Amino acid sequence: MTERSLHTGLGLVLVALFVASLLTGVAEVAPLTALKALLTGGEGPLGLVMREIRLPRAILAVLVGASLGLSGAAMQGLLRNPMAEPGVIGISAAAALGAVIALQTGLAASFALALPLAALLGALIGVAAILFLAGRGGTLALILAGIALSALAAALTSLVLNLSPNPFAAQDIVFWMMGSLADCSFTHVAIAAPFIALGGVLLVRSGRGLEALTLGEEAAASMGIDLTRLRLAVILGTAASVGAATAVAGTVGFVGLVVPHLLRPLVGASPARLLPAAALGGAVLVLIADIAVRKVLPGQDLKLGVLMALVGAPVFLNLIWRMRGQP
Amino acid sequence: MRLALLCGLLLCLAPALPVAAAPARVVSINLCTDQLAMMLAAPGQLVSITHLARDPAASVMAEAAKAWPTNRGQAEEVYLLHPDLVLAGRYTAQPTVAMLRRLGIPVAVFEPADSFADMQADIARMGALLGREPEAAAMAGAFAARLARIRAANLPGRRPLAATWSARGYMSGHESLAGEILTTAGFDTLAARMGRAQGSTLPLEALVLADPDLVVIGRIGPGSSRAEEPLTHPALRALTGHRAAVEDRDWICGLPSVLDATDRLKDMK
């Protein structure tokens, strides 16, 4: 399949799912009436529902999905390991810890960008820890370091939420562990979009470097790739993308695992071509999941992480099965 | 002479009898029984209330509560207070209640008040339990009189639509104290219109589409929580109706002060 036809196909599916997401909700409204209210509906209730509730939710599904798919593909390219996924190796959990600290200390209330910045910092520490512990240690070291980092970050997140004076904070643990896009608004879009865009640019531009890296570090260096700069770009790009996505949607795992896994055969295993396709595919997957959670249990905020784990865990097990015997 | 002595004895005994029947050391382990007992108990009769009674967000008697020692509702600490009556709520930790009963301590369990009628029954029951029937009757009488005045002042006419909406999209049902307060204040409730007798979750979308004239939101607590974030959602702010914050403390317990909330809501019509 050519790159262009793959992108066109994914793009068309994305647009169709975006519209389907706009038409999904507890209130049964005729599609044409709903779309008309979105475009022309004034301050009426249906106009409000379409513009202030469903539109930001659909936009965030695209942004969160694209950033998670992209950072999964980039991390896998950098570590040359198909298991390297932000959720699985604890980067999302570290980002959630940063976000929770910003919220509970009141930092996020004093200035809006504190929330994504703190999540970015959490993710950055997470990526750095993973690279330091398992950068050259193979799959086993990577997964074990990820388990430890996830457990530590999740425990600290629970601790911070339990210490909160707010009676509902402890129940938020489920949100931060499983992720949800319910009741998101344009405030969340405005917080996340700049960081997701910044991270996206850094990651897509490192495609050529990741391509060269498939031949090994020495070969890449001899081709004029600055490996330090490449690593820095992927680390910062992943931290910005995962941090911003987690700050607004909680931990949505497995997107960066499933999407590259499905798309890799279609792009001839080339990291440079995988990156944009993984961004589109991630957006498609999260849109599907976010429509499904609303169809399965209307109005009850089933968490995205539940569906993603149902899809992602079998893929993960399959990868482990195929890597048996490898170091 | 002997007759006189007997009379004297009886006279002594007569007032002493009900006092002997009333519990002397009462411990409350529920926020709502705390406040009702604080209002009705004889001096020195109530020996401990929960720490929640001192929390101004949850209790209308936070200031007065400083006069009593507090507990955290653990069976161990309650037992060591040697109570002869423990007051608990239906949703007080059941293992605590069971353990206290096993230890031979009488526990009176109060259901949450779902209506003004429940409230009046609770006041009478608390009076009977504490041996303070006259005080309870006076309290119930004053409440009934004030309620009648509010109902009489309610002119017939348009009844605007009101809904309560709090963290996690929780809306109280129409067969609840909040429902009766809103109805008495002159509103129709969204819960009644949707046929929801019990409290339930209402998605933000459904609330916005119902477009109520008044949304009573809970006050947002200290710190921060994702559960309360929808209360500041732009779509909720953009609704054409009013928004009002009734403090949780005003109506979580069936206390006579719920009529203060009723009065304030009536003024928002």
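This is a predicted model: local features need pLDDT of at least 70, side-chain atom pairs count only at pLDDT 80 or more; totals for chains, interfaces and linings use all residues.
Buried means under 20% relative accessible area, exposed means over 50%, and partly exposed is anything in between (1.4 Å probe, protein chains only). Residues are numbered from 1 along each chain as its sequence is written, chains are lettered from A and ligands numbered from 1 in written order, and side-chain values use heavy atoms, leaving out hydrogens and water.

**The disulfide**
- Searching the whole structure over all chains turns up one disulfide (a pair of cysteine sulfur atoms within 2.5 Å).
- Cys32(B) and Cys253(B) are the partners, with S to S at 2.0 Å.
- They sit 221 residues apart and link distant parts of the chain: Cys32(B) is in helix H2 (residues 31-40), Cys253(B) in the loop between helix H11 (248-251) and helix H12 (258-266).
- The S-S torsion is about -80 degrees, so this disulfide is left-handed.

**Cysteine burial**
- Cys253(B) is buried, at 2% relative accessible area.
- Over in chain A, Cys184(A) is buried too, at 1%.

**Chain B overall**
- Chain B has twelve helices and eleven strands (DSSP runs numbered from the N terminus: H or I of at least four residues, E of at least two).
- Its C-alpha trace spans about 85 × 45 × 30 Å along the principal axes.
- Of the 269 residues in chain B, 47% count as buried.
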